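Keep the 3D view open as you read.

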Number of protein chains: 2
Amino acid sequence: MSKRQITLADLARHLRLSPATVSRALKNYPDISQDTKNRVNALAKEWNYRPNSIAAGLRKRESKIIGVIIPEIVDHYFSAIIKGIMEVVYDADYRVMLCQSDEAYDKEKVDAAALLDSRVDGLLVSIAHTTYKFDHFLDFLNTGTPVVMFDKVTDQVPGCSRITVDDRAGAFTAVQHLIDQGYRRIAILTGPQLAYTALKREQGYKDALAANNLTFDESLMVRCMDVTYSEGQQYASHLLQCPNPPDAFFGITDNLALGALTACKQLGVKVPEQVGVAGFSNWLVGDIVEPSLTSVSQPGATMGRLAANILLEEIKSIHQDITPAPQYIELKTDLVVRKSSSRIS
Amino acid sequence: MSKRQITLADLARHLRLSPATVSRALKNYPDISQDTKNRVNALAKEWNYRPNSIAAGLRKRESKIIGVIIPEIVDHYFSAIIKGIMEVVYDADYRVMLCQSDEAYDKEKVDAAALLDSRVDGLLVSIAHTTYKFDHFLDFLNTGTPVVMFDKVTDQVPGCSRITVDDRAGAFTAVQHLIDQGYRRIAILTGPQLAYTALKREQGYKDALAANNLTFDESLMVRCMDVTYSEGQQYASHLLQCPNPPDAFFGITDNLALGALTACKQLGVKVPEQVGVAGFSNWLVGDIVEPSLTSVSQPGATMGRLAANILLEEIKSIHQDITPAPQYIELKTDLVVRKSSSRIS
DNA sequence: GTGATAAGCGAAAACGTTTTCGAAGCGAAA
DNA sequence: TTTCGCTTCGAAAACGTTTTCGCTTATCAC
């Protein structure tokens with residue numbers, strides 16, 4: 001049933017030309033007569049010739065594919081990044097091969113190997129938070145395949161560009177905003193210690209406290225292992241019922257902040273009057289929930305576009321046999337102030 | 001800089017074997033001695049040999065890639081579907097090449113062509129709502145590449161499997177539920193007329209009314225062109241301030257239903273006491289919002305897994321030179337009842 | 001000693017391009 | 001006439017696998 005596709009040789013035979021000439025005619029090479037080009041193009045169109053990019057890829061030693069590995073696809077932020085990536089990558093006539101690590105090191109490793117075997121021309125990756133070794137990325141660089149990391153990055157892979165969001169500054173402004181609104185005992189709902197972004201947001205939190213001469217209270221910092229909505233709810237609820245409860249919550253994720261928000265509502269604590277809440281990510285949800293959630297917005301699509309552009313640049317460099325200098329870029333965040341933290345009008 | 005990867009020939013040379021033998025040893029063919037296999041595997045591991053799947057693909061005339069085209073990736077439902085697809089596809093040792101049509105026919109067409117040129121072994125597609133011609137899918141079938149459509153499908157492509165959600169039944173049960181809860185003037189916030197799913201959900205709405213001897217009131221049906229949250233809010237707000245306002249809203253999308261929910265809150269209308277609200281999709285948000293939103297849940301990941309499994313089956317069939325019989329599957333939805341419609345305890 | 005069988009391996013073609021090198025033809029300059 | 005240069009094209013080698021076919025050699029039955 002699988003009828004063979006038309007090949008260059010088929011066209012060549014029928015036109016009494018060589019495959020080489022047909023190839024060059026289709027690619028509009030200068031040393032083919034216009035007449036021949038016309039004949040070739042006409043027949044190619046009539047027979048609906050489609051070039052086999054696998055064969056071309058083998059010969060040219062490039063696949064025109066870039067690999068993308070992300071921890072989780074069902075996520076507003078990551079899918080926005082992917083969208084950004086696809087925008088620029090497709091304009092440059094590359095395709096995207098997508099993998100999802102599920103935050104698991106092992107999966108990430110086999111995905112990377114599979115992409116390498118597919119001879120992708122470059123890799124865009126946001127690393128899983130369980131990843132502790134990075135050899136699988138070195139394999140790319142060793143074979144001249146550039147790697148650009150975005151969002152969840154590491155400095156353990158020398159020579160590889162990184163593009164992140166300034167998590168520390170984002171957290172800082174959010175907490176500073178809470179302080180400006182008069183909140184003083186600000187709790188932080190954070191994530192597992194090995195998550196890079198979690199640590200940076202914690203740092204922003206601590207820096208903001210220090211900048212305002214507030215002492216860091218260990219008991220106001222709780223680590224949520226899965227960073228889920230219900231975790232946020234439980235821990236916030238617990239904190240609120242302690243003897244010396246916090247008067248604000250900073251969730252390093254909107255999930256956690258939203259959990260804190262409902263915990264407040266369930267306990268009859270008024271937001272923002274008694275307790276303020278701020279999150280991180282600026283989901284669509286933040287605008288819908290009541291009271292609406294103050295949150296740090298991260299530029300997902302922008303990050304995706306930027307990462308893709310850098311990768312394409314690096315691919316181009318390598319084609320010209322020059323090793324690209326790695327770029328380290330930090331994107332600014334925006335604090336979107338909404339009701340959950342607006343005590344002062 | 002781009003150091004060449006190790007090839008079969010490299011291994012063969014060093015082991016004084018032929019590439020053929022090395023290939024067979026690595027693939028564990030029976031007519032290679034165990035001793036040779038051991039030597040080959042040892043060297044392959046030592047030299048970190050990685051098979052070039054482009055070359056293999058060319059020779060075997062298969063890419064081990066399946067193409068996926070969706071209208072929009074930044075969407076909870078679609079990204080869940082993709083996740084489901086990737087689960088089964090990667091277990092079967094295929095990769096996923098992802099495209100996004102942006103709901104545009106032209107983009108869909110070039111994406112399809114690009115995937116065909118990449119010689120994907122199969123195509124999974126959810127068609128854009130502006131697509132009115134389907135020749136670009138016929139190109140796949142004509143070359144023996146199976147196509148499976150999911151969610152947004154068409155019957156204009158003969159021989160291609162379809163897997164959808166029973167939108168009509170889903171809407172029916174949601175509206176029936178509202179009626180059971182005592183609501184009588186049920187408004188529907190629906191989408192553009194050319195959206196297939198919108199029409200089917202409208203039908204479910206009408207059927208439910210008819211089944212309960214309620215007359216369909218044209219004025220209670222509003223078409224939202226972009227199906228956004230704010231559209232839902234505006235139209236619901238407008239309806240509520242009409243002389244004979246509805247006592248319930250059925251949004252064919254959670255976005256619209258959530259908009260209706262806030263419209264009610266803004267106007268001081270009590271939900272669910274005075275007005276009931278139900279949506280469609282069962283986002284995570286529905287559980288967080290206050291009151292929580294009753295919604296029809298669509299099995300995104302299940303649909304993805306199913307579509308992928310069917311496609312893989314069809315690929316297998318074609319390998320055995322038998323044309324697979326197209327399958328038409330409709331998945332059931334689940335009504336998740338929450339507070340926004342629970343008037344009767 | 002002959003023939004059959006099987007185990008283990010290699011030669012070479014094939015997959016469909018692209019690219020290097022050069023050749024043929026032709027007109028023009030010398 | 002030779003030489004040079006230009007245009008236009010072809011032969012053939014790559015790219016790295018897989019697969020077909022067949023060749024050894026050894027073993028075994030007769």
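In chain B, helix α10 (residues 229-240) packs against helix α11 (residues 254-266) at an angle of about 45°, with axes 7 Å apart. Axes are lines fitted to C-alpha atoms over the stretch in contact, and angles run from 0 to 180 degrees between N-to-C directions. Helices here are DSSP runs (H or I, at least four residues), numbered from the N terminus.

This is a predicted model: local features need pLDDT of at least 70 and side-chain atom pairs 80 or more, while totals for chains, interfaces and linings use all residues. Residues are numbered from 1 along each chain, and chains are lettered from A in the order written.

Now take helix α8(B).

Ten of the 14 residues are buried, so α8(B) is largely enclosed by the rest of the structure. Buried means that 20 or more other C-beta atoms, placed from the backbone, lie within 10 Å of a residue's own. Among the buried residues are Phe172(B), Val175(B) and Leu178(B). Just after α8(B), Gly182(B) takes a positive phi of about 95°.

Finally, the chains meet. 45 residues of chain A are in contact with 45 residues of chain B (C-beta atoms, placed from the backbone, within 7 Å). On the chain A side, α5(A) gives the largest share, six residues.

How values were computed
Helix = DSSP H or I, 4+ residues; strand = E, 2+ residues; numbered from the N terminus. Buried ≥ 20, exposed ≤ 12 C-beta atoms within 10 Å, placed from the backbone. Contact = placed C-beta atoms within 7 Å.
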